[in-house]
Amino acid sequence: MRASWFRISDTGSLYTVPSSQRIVPSQSLLFIRNVDERDAGRWICKAFNQFGEQKLEIHLTISNELVAHIHPQIQIINSGNSALLNCSIYGSEVNKIEWFHNGQELFANGRSERSMSLLSANTLKIDRVSKKDQGIYQCIVSNARSSAQGSSELKLGESPPEISYGFVEQNVRASAYISLKCSAAGSPPPQFVWLLDYQPILDVSSLHRYTMDQFLDINSHVTTHLNISHVHSDDGGLYTCVASNSMGTASHKARLNVYGPPYVRAIGPITAVAGEPIELHCPFSGHPIQSVRWIRGGNELVSGPRYSVADVKHGGYLKIYTVDPAQDRGPYTCIVTGPNGDEGRRELQLVVHSPPVIEPFSFPKIMKVGGRAQLTCSVSAGDMPIYFSWKKDGAPIRPDLQVSEKKEEFFSLLVLKDITARHSGRYTCFATNTAAQTNYTAELLVQVPPSWTQEPHDIAVVLGHPIVLPCEADGFPQPKITWFRGKGKLSTDFHSILSKNNSLSINYATSPDAGYYMCEAANGIGNSLKKIIHIDVNEAVHFDSPVKNVSARRNDAVMLECLALGDEPINIIWTHKNQRIDFNNYRYNIIEMKESVGVRSQLSISLTERYDSGKYVCTAENLYGTSEHVIYLAVQERPDAPSDLEVMEVSSRQIRLSWKRPYDGMSPVLSYLVQYQPVRLGKEPVQDTHRSGPVGPIAAWDSPLTVNVTFSKVNMIKSIDGGVRDETSIGGLLPATQYLLRMLAINEIECSSFTSPLVVRTQEEAPGEAPGGLKVKTGAMGELVLTWQIPSRASWNGELLGYTVSCVEEKTNINFIASPNNISNTTLTVHGWATTKTSIASLKKFTRYALRIRTYNSIAPGPWSTVVYGTTSEDAPEAEPQNVSCSSLSSQSIKVLWQEPPPQFHNGVLQGYKILYRPLTKNNEFVFPFEIKRTSNLETYLHALMKATNYSIQVLSFTLSGDGVASVPVYCATEEDVPEAPAGIKALTLTADSILVSWLPPAHPNGIITHYTVYGKDHGKKGSPKHNIVRVDETGRPSMFEVRGLSENNKYDFWVTASTAKGEGDPTMVVSQTTNTRAPAKIASFSRLLKVPVGVSLVLECVAVGNPTPRTRWITKDQAVTFSQYYVISQGFLKIHSVEPQIAGNFTCSAKNLFGEDEIHYMLIALQTPNVTQLSIQYTSFDSLRVTWEVASDGGAPIQGYNLYYRTTSGAWSNVAIPSDQMAYTLNGLKCGTQYILKINAHNKVGVGMFTEELAVRTKGKGE
């Protein structure tokens, strides 16, 4: 590709951009050094190759960077003078100019500023500069693209004084000390003068009582003090401090009032100027003052048209609005009156002076260079003498202007000879007398004809270069510059044209721009200036079009032609592929012809070949430049076949091919043709799927299976080595299929040959068909068995690896709970395509599942089959009923309530509930077996229970498969009732008047025994018996009572009852006994059967009575009891330290005296821990096992429960508590194919028995 640059001239013509030191065209880039406004305009870039051209037009806008400066940057202006700030702006067009003073915007929203005005948008004028005007000034300029700012500092030079501090009015008494202070600032520093009633202090004071000082502080403020010691009453008055420097004066005044009588001091004459106002102040003292009056000619003056009299509070002055010498000069009397009528008065003289009055004067309106003029400054009124002076533009008239002055008593004459432009300006006459100084100004404007300051001249430029011709002239008024264009040198041939800043400006010089131009400067004074110049535009050699394309068929003849335009002489050279053409070759011929606009050159080529294609350059050169015309010759023929055909990407149904772009035969490749056909396995050899090469034997491309695909558009990509490759994709293929393919290129001329074929195999794809005939049936507990049929091989889309089975719990289950943790979702993988059966274990029991199956290969799984449903087998419930509670209804009935187990643990249809209950003894022993009551309700009533007895109650649910888990026991006690009769009674003679009654507690107390009642009466006699109440403690003691006060040798009947909170129970049988002084030996204690745990201490009682006191004796195992390590006898009682199995048996206590003997027997049974034997396995499954055991001995006490321990071979022990009424247990939730170690023990009230031997068992299945 080749690019050329063009520029559109001001007239709309298109010209080639020549190369210069500032503008360098370089193919697709155009370099412009030091760009300026001349380069603004329209530029065109044309790109060419052998197939055509494209054009891009660029509009270049030159935006100079905005720059702003304020001149001068620092100004020092005296107070009262004017300052001028000029904002100079450089760069692009400015849209807005803003002025700021010390950061505050000036003229915001159209607001006017004190003493400031804009002479133009970029000129700020400050009139009467004061202190508040000093500081930093900024002009901020902006346009749509940028902004800039300039700044300047205005400093105050010499300034008049300003009072910064002044004393206040004071009322004091005589003899006081007074100090008055004033401060002022100014440049140069001011000097202070003190006045009293407008008269200098030193003229009216005693020097030894007045002192004055003044000093300059660090802030450049001058401070002065007036100190008065020992104040007198006539020191009162109006005090004034006056600060003065070369720039002016400032003053401050206030009264000092000294208590005393009225007094008016004498002062000199007061001077006034005629026509001006004046205030006459009465120089009075004293305090307080009632009034101040003014008298003239015997008449008191009052406020009116000519006068104003102030009251005493405002100083009592007399003001004359306009002083008239005839009426107002002369004496005035000031009268001051005190509150007591005291008066002070003084006559004041007013002297009136008249200021000069200048009569108006002016210069002639038309003054030309070389002329003469005079000004007369005449004073028509005013006091004599009068002094005259002149200034030009505010300064004394310079001697080199040669201006002369003639003065008389009341006028001054100014004479100007041989007037030049330098005499222009403002002339001011000053007239001064004792009254005032007045002035009058006249302006002189000298008309000057134009003269050249920059005269234009002839120039010659090269075509395309800019032209800038300045033309400048001076004069008054300022001359106007006009440019003209003409056909010749005669003035009548010229017409005005536009110019820029008085310069002739052409951005791009073209041939029509050559010719005559005239610059004229005119201001209406004299003849105008004219200058005719000539511009030559030299045309560098160039071509109308830089590039063109030519095509020819191979072996045909072709002619290449170029027309070089420009000034002669022109030299032309032909090159091909950057080599100069050898015209000695018979196939090349060149012809050159001169024409009116340039030179035409023709290059002929006969019998074109492929190598003749390429770039031909026709290079032309003249004195003003060089240019090239490029011709792209395309010798067209059939394309080459694509090369390096590769498979870039293979999917299941698509192949992406890549190849090197072939030689196109100089005619664009229009399309590519790809042929492919499937290869049957075993019929033809298969080579590398990603490499091209010969595949034998030769394929039958005319087969009906051959597919032809044409691609008119392909993608261009970059290869790793940076080359260009084309690629395309072929779709609609079959998965896991081997194909043979080849391709060719097509252009307008002909088709290329085919590439060598290559073999490629498509990738596998997810199977397209699900297995059929899916069936499900129930297997073992928590297991479902599935069978299916293998899908057709055509749907495999690759190598079938196996099946995936999904098993999802159905939401319609009665025990379904919608919780992510409770949903059973099992996925099972079955390996091998030939498998048609599998089972799913570890499922929930009695649960309906949705099952489906799909195949899978190495790529992805196929579609799911239709869903089938299966239900696992029923089992006993896995959870106990919930919220079991009970409540006592009476002494023999209890109400039991519960709720059903959670639905997910039913494992079947609940058939009902079993209530297991049994009583507990006083020591919470289970002496009785469980009683069972069945019901289908969620409540029941238990009847015929033991009274005042604590019951253990459990509830379990059951299905057709068995009983579920029993609930944790709850305990309820039946209510109390009246007790049964005591279990035994004895009446034993103690003495002649007392008998001892003893008894055993009731076998069924039916509550807590509160007391016993011992009844007695004479034997055989009727009447009410006597009774004695015996209160007992928690242990039931005492259990005997001595009846006293009986008659000797008299027989008595006795019986005993027991009582609870409910009332008195049945009596014992009646026993009789006779009092006697000779009482035979008897034992009040009762024979008993005792079951005591091993290791417990025990006391066997033996209470013997009789007269004389009997002797007791203990016998066990037919031997008398003596001192032993196991027991000891104390006061007739046998104390056993620790019950052991070897000492268990019969213990007999006997008592004997002179009149008889008696004995009782204790049967002692030692209770031991239970012993469990023969732990065995009943069955195992994949996740559970069931064990059974046998009990060798309960140790003499009922077994309260079992503890089953289990673990894996390397795991920690886990245990489960089992009720005492169970002799088998099922462990669930185990790992399949895992060995477990088990052991068990039992416990009763004595303690925990020994473990059985460890039992090893393995669950079914294959472990991890």
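Residues are numbered from 1 along each chain as its sequence is written. Because the model is predicted, local features are reported at pLDDT of at least 70 and side-chain atom pairs only at pLDDT 80 or more, whereas totals for chains, interfaces and linings use all residues, and side-chain values rest on heavy atoms, with hydrogens and water left out. The mean pLDDT (the predictor's confidence in each residue, from 0 to 100) of the protein chain is 88, and 96% of its residues reach 70 or more. Over residues 682-697 the pLDDT is below 50, although this stretch has 28 contacts (heavy atoms within 4.5 Å) beyond near neighbours in sequence in the model.

Strands are DSSP runs of E with at least two residues, numbered from the N terminus, and two strands are taken to pair if DSSP finds at least two bridges between them. An open sheet is formed by 4 strands in the order E71-E70-E73-E74, with antiparallel pairing. Strand E71 (825-831) and strand E74 (868-871) each have a single partner strand and stand at the edges, so one side of each lacks a neighbour in the sheet. On average, neighbouring strands of this sheet are turned by 30° against each other, direction ignored; the axes are lines fitted to C-alpha atoms, and angles run from 0 to 180 degrees between N-to-C directions. Within the sheet, strand E70 (residues 800-809) runs antiparallel to strand E73 (residues 848-857), and 9 bridges join them. Glu809 has Tyr849 in E73 as its bridge partner.

Another open sheet consists of 3 strands in the order E83-E84-E87, again with antiparallel pairing. Its edges are strand E83 (982-991) and strand E87 (1040-1043); each has a single partner strand, so one side of each is left without a neighbour in the sheet. Strand E84 (residues 994-1002) pairs with E87 in the antiparallel sense over 4 bridges, and Leu996 has Glu1042 in E87 as its bridge partner.

Strand E95 (residues 1111-1116) has pairings with two further strands. With strand E99 (residues 1145-1153), E95 pairs in the antiparallel sense over 6 bridges. With strand E96 (residues 1119-1120), E95 is joined by 2 bridges, also antiparallel. Thr1116 takes part in both pairings: its bridge partner in E99 is Phe1147, and Gln1119 stands opposite Thr1116 in E96. E95 and E96 form a hairpin with 2 residues between them, and Lys1117 in the turn has a positive phi of about 50°.

Glu765 is placed in the loop between strand E67 (758-761) and strand E68 (772-778). The side chains of Glu765 and Ser652 are joined by a polar contact of 2.8 Å; such a contact is a pair of N or O atoms within 3.5 Å, where, within protein, one must be able to donate a hydrogen and the other to accept it, and residues adjacent in sequence count only if both atoms are side-chain atoms. Leaving aside neighbours within four places in sequence, the contacts of Glu765 include Arg653, Pro735, Trp796 and Asn857.

Thr949 lies in the loop between strand E79 (939-942) and strand E80 (950-959). Thr949 counts as buried at 9% relative accessibility, the classes being buried under 20% relative accessible area, exposed over 50% and partly exposed in between (1.4 Å probe, protein chains only). The side chain of Thr949 reaches the backbone oxygen of Lys947 at 2.7 Å. Not counting residues up to four places away in sequence, Thr949 touches Pro919, Leu920, Cys972, Ala973 and Thr974.

Leu14 is found in strand E2 (residues 14-16) and counts as partly exposed, at 40% relative accessibility. The C-alpha atoms of Leu14 and Asp544 are separated by 9.0 Å, with the two residues 530 apart along the chain.
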